[in-house]
Amino acid sequence: MTTIDSPPPPTLRADSLQAIGVEDMGVRYDLRFTKKTTIRRSVGQILGRGSQEPFWALRHVSLRVVHGESLAVIGPNGAGKSTLLQVLAGIIRPSEGAVDVRGHVSGLLTLGAGFDRELSGRDNILLGGAFLGLEDEVTRRLLPSIIEYAELGDFIDAPIKTYSSGMRARLGFAIATSVDPDILLLDEVLATGDANFRAKSKARVIEIVRAAKAVVLVTHDMSWVTEYSNRAVLIEKGRLIMEGDPAEVVALHRQHTDEARAASAAAATAAGLDPGIAGQGRR
Amino acid sequence: MSVTSEVPAAFRNAADDPGAARLIREGLADIVSRRRLVRYLVQADMRKRGADTILGNFWWVLDPLLQMLVYVIFVTIVVSRKTPDYPLFIFAAILPWKWFTTSVVDATSAVASQDRLIKQIQFPKLVLPVATTTAGVVGFAFGLIPLAGLMLFYADRISPFLLLVPLIAVVQYVFTLAFSILLAAGNVFFRDLGNVARHVLRLWWFLSPGLYSLAVLDEVHVVQANPILKVIANANPFAILFEAYRKVIYGAPTSPPGLPDWTSLAVLLLVSVGFLALSTVVFKRLEPSFAKVL
């Protein structure tokens, strides 16, 4: 009852059905301009001191998502999963390769990120809609249903700073899911709120997943991957390691995780015996 | 359902390198298509300024008056210069200057302070400095209330030339916008640009004919010895703006208000439009890296 139908047969994979195409895409971070650069530091770096290698958050990534598909992106922390979603959402431009996204994209990235704490919930809904690029009439039409869904009651006209974190998460979720996107990008959104709201939000996400033409989901919840996705990719250190059936990809990911855990356990044991060796052994 | 105003198909190629003309066109389209967002941001800005303070938006009225008081005391008692109707003389400069500094300081952090949002949603970042600069206009409009009050004390200087104030403000707006857009983009990469801007602004104020008239410079020895300084002083955008505001609000110490120097205003407007085009191109070129650097 819950799953999306099995992957469309290869014959249906004509170009008109393609929702997302990624070709040999790479994202490079220039570590010269990281957070809180000061002019002094940059001048020093431009003059040659402390030059740093560019860092590839993603490289040589190619994938294709057709209409009706739900793709799960899994991998360890820092592998580049969220960067991939940011590229698909158009937030980050690829440094090499090309990305082709067809349709209205909506991302339920970290919820409630853009809230203005001084403004009321209602003002934040209008502002959030404007940031998402919704027409004003659309936002105003959606307003009652968003307020009702978020279960905020009279708090809707109070500043966001008076909200509990659960209220904030509910409002963020309600705004983000009020849009009917063609392509839905989800980044670990299923773990917010209390058990009650989690069940409610999961139902809503399933509803949107069914309505959307394509879904790309980043998650650490492996049961979701095997249950609701019809394809999965494993990303490690910015490279696409495996693409295919969710169960197989999850199995490989589990295997790699266990290996990594064993390696770090071994390193920890070595550290107990000889700190010098452990320092070299650990990555 | 078609709810978003963006183009549904987005093709992004790393090799794509748009030219200056296209970037300016895109920048214009960004603002026009998101004018509602700019409006909401301006409203939010106004609402927040009013919140959490006892006097609320009344500070917009009080602030320039108190600033004027400080300078009147400083100049008439410490420096003991005698200029007739001096409070009005400097108020004509304080008001536009306060607008400029508020806009520039706010715009500097406009992009950097929205880091969380920028990493979550794709939207034209150009709306951020445009909104803060436009919010400054509202503050300037509030400042016209104490100006009107002050004019009542100097009723003999009230003239129809006061109606030209908005026209001069348009020139200032274009210049401020260009300056703000450039700083907003630069501050993403250099976070100490805000500190630099604050000090440069303070120096700029004292080098501009705000507390004194441009003519006073002729009496200064350094300027007499180096005529080039006079040329530089005349080219200062705020020399042109202050002199223009003062001409229509105050006039001259011994003569009533009159028409401003249209030629220098027109030149400043032209230069500002060019400056605006330049900073839009710089901003649009840097925009793709914002999400990575923040």
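How are α5(A) and α6(A) oriented relative to each other, parallel or perpendicular? The two helices are roughly parallel, their axes crossing at roughly 10 degrees. This is a predicted model, and the points below cover chain A and chain B. Chain A has nine helices and nine strands, while chain B has twelve helices and one strand.

**Helices α5 and α6 of chain A**

- Helix α5 of chain A spans residues 165-177 and helix α6 of chain A spans residues 195-211, and their axes come within 12 Å.
- The crossing angle is roughly 10 degrees, and angles under 35 degrees count as roughly parallel, so α5(A) and α6(A) are described in that way.
- On the α5(A) side, A:Arg170, A:Phe173 and A:Thr177 make the contact.
- On the α6(A) side, the contact is made by A:Phe197, A:Ser201, A:Arg204, A:Val205 and A:Ile208.
- Sorted by class, the residues in this contact are four nonpolar, two polar and two charged.

- Strand β7 of chain A covers residues 214-218, and five of its five residues are buried, so the strand is largely enclosed by the rest of the structure.
- One side of β7(A) carries A:Ala214, A:Val216 and A:Val218, and the other carries A:Val215 and A:Leu217; all of these are buried, which leaves both faces covered.
- Strand β3 of chain A, residues 69-74, pairs with β7(A) in the parallel sense over five bridges.
- Within that pairing, A:Ala72 has A:Leu217 of β7(A) as its bridge partner.
- Strand β6 of chain A, residues 183-187, also pairs with β7(A) in the parallel sense, over five bridges.
- Here A:Leu185 stands opposite A:Val216 of β7(A).

**Helix α2 of chain A**

- Helix α2 of chain A, residues 81-88, is mostly covered, with seven of its eight residues buried.
- The buried residues are A:Lys81, A:Thr83, A:Leu84, A:Leu85, A:Gln86, A:Val87 and A:Leu88.
- Just after α2(A) comes A:Gly90, which has a positive phi of about 85 degrees.

- B:Val104 lies in helix α4 of chain B, which runs over residues 86-108.
- The relative accessibility of B:Val104 is 0%; buried means under 20%, so B:Val104 counts as buried.
- Apart from neighbours within four places in sequence, the residues in contact with B:Val104 are B:Phe179, B:Ser180, B:Leu183 and B:Leu201.
- B:Gly194 is 90 residues from B:Val104 in sequence, yet their C-alpha atoms are 9.0 Å apart in space.

- Chain A has 283 residues, of which 49% count as buried; chain B has 294 residues, of which 51% count as buried.
- In chain A, 75% of the contacts between residues at least 6 apart in sequence join residues at least 24 apart.
- In chain B, residues 24 or more positions apart account for 80% of the contacts with a separation of 6 or more.
- The accessible surface of chain A is about 13500 Å², and 53% of this surface belongs to carbon and sulfur atoms.
- Chain B exposes about 13800 Å², with carbon and sulfur atoms supplying 70% of that area.

Definitions and conventions
Residues are numbered from 1 along each chain as its sequence is written. Chains are lettered from A and ligands numbered from 1 in the order in which they are written. This is a predicted model: local features need pLDDT of at least 70, side-chain atom pairs count only at pLDDT 80 or more; totals for chains, interfaces and linings use all residues. Side-chain values use heavy atoms; hydrogens and water are left out. Axes are lines fitted to C-alpha atoms, for helices over the stretch in contact, and angles run from 0 to 180 degrees between N-to-C directions. Helices (H or I, at least four residues) and strands (E, at least two) are DSSP runs, numbered from the N terminus. Angles under 35 degrees count as roughly parallel, over 145 as roughly antiparallel, 65 to 115 as roughly perpendicular and the rest as oblique. Contact means heavy atoms within 4.5 Å. Ala, Val, Leu, Ile, Met, Phe, Trp, Tyr, Cys and Pro count as nonpolar, Asp, Glu, Lys and Arg as charged, and the others, Gly among them, as polar. Buried means under 20% relative accessible area, exposed over 50%, partly exposed in between (1.4 Å probe, protein chains only). Accessible areas come from the Shrake-Rupley method with a 1.4 Å probe; for residues, only the protein chains shown count as cover. Two strands pair if DSSP finds at least two bridges between them.
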